[in-house]
Amino acid sequence: MTVVAVIVTALLTVAGGLTLVRIIRGPSILDRAVATDVLLAVAVAAIATEAAYSRDATALPVLVVLAIVGFVGSVSVARFAARRDPK
């Protein structure tokens, strides 16, 4: 179980780093919005991994709230971008 946790942590770290690069270098606001949503998904996956590793279900409400915040944030940015760019 420890080997799997280390591998998952390494993969999530790499994914988070690459997502930060996209947030910094993103050519448009939509690229940055998608990258921010992906970074939130990586954070949710990290919390879920920790919860599974420690066999503690108290992090489940945090995961639900983060998923809702990610959805609402993505929809808000998409609506803002759609109004800003009428193409």
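What follows is a short chat about a predicted model of one chain.

Me: What kind of model is this, and how are residues numbered?
Reply: It is a predicted model, in which local features need pLDDT of at least 70, side-chain atom pairs count only at pLDDT 80 or more, and totals for chains, interfaces and linings use all residues. Residues are numbered from 1 along each chain as its sequence is written, and side-chain values use heavy atoms, with hydrogens and water left out.

Me: How many helices and strands in the chain?
Reply: There are 3 helices and 0 strands, in the order α-α-α along the sequence. Helices (H or I, at least four residues) and strands (E, at least two) are DSSP runs, numbered from the N terminus.

Me: What is the radius of gyration, against a compact globule of 87 residues?
Reply: The chain has 15 Å, whereas such a globule would be near 12 Å. The radius is taken over C-alpha atoms, and the globule rule is 2.2 Å times the number of residues to the power 0.38. Along the principal axes, the C-alpha atoms fill a box of roughly 50 × 25 × 15 Å.

Me: How much of the chain counts as buried?
Reply: Of the 87 residues, 14% do. Buried means under 20% relative accessible area, exposed over 50%, and partly exposed in between (1.4 Å probe, protein chains only).

Me: And which residues make the nonpolar surface patch?
Reply: Leu60, Val64, Ile68, Phe71, Val72 and Val75 make a patch of about 550 Å². Ile68 is in helix H3, residues 60-84. Like charges are joined within 9 Å, and nonpolar side chains (Val, Leu, Ile, Met, Phe, Trp, Tyr) within 5 Å.

Me: Where does UniProt put the "transmembrane region" feature?
Reply: The unreviewed entry places it at residues 6-24, 33-53 and 59-82. Such annotations may be inferred rather than shown by experiment. In the model, residues 6-24 are 100% helix, with end C-alpha atoms 27 Å apart. Residues 33-53 are also 100% helix, and their end C-alpha atoms are 30 Å apart.

Me: Switching to Ile47. What does it touch beyond its neighbours within four places in sequence?
Reply: Ile47 is in contact with Ala59, Val62, Leu63 and Leu66, where contact means heavy atoms within 4.5 Å. Ile47 belongs to helix H2, residues 29-54. Its C-alpha atom is 7.3 Å from that of Ala59, 12 residues apart along the chain.

Me: Why does Ile47 count as partly exposed?
Reply: Because its relative accessibility is 25%.

Me: What about Arg22, which residues does it touch?
Reply: Not counting residues up to four places away in sequence, Arg22 touches Pro27, Asp31, Arg32 and Ala35. Arg22 sits in helix H1, residues 2-25, and is partly exposed because its relative accessibility is 42%.

Me: One backbone point: what is phi of Arg55?
Reply: Phi of Arg55 is near 55°, a positive value in a residue other than glycine. Most residues other than glycine have a negative phi. Arg55 is in the loop between H2 and H3.

Me: Is Arg55 buried or exposed?
Reply: Arg55 is exposed, because its relative accessibility is 76%.

Methods. Patches are made of residues with over 30% relative accessible area and no salt bridge: like charges are joined within 9 Å, nonpolar side chains (Val, Leu, Ile, Met, Phe, Trp, Tyr) within 5 Å. Accessible areas come from the Shrake-Rupley method with a 1.4 Å probe; for residues, only the protein chains shown count as cover. A salt bridge is a side-chain nitrogen of Lys or Arg within 4 Å of a carboxyl oxygen of Asp or Glu.
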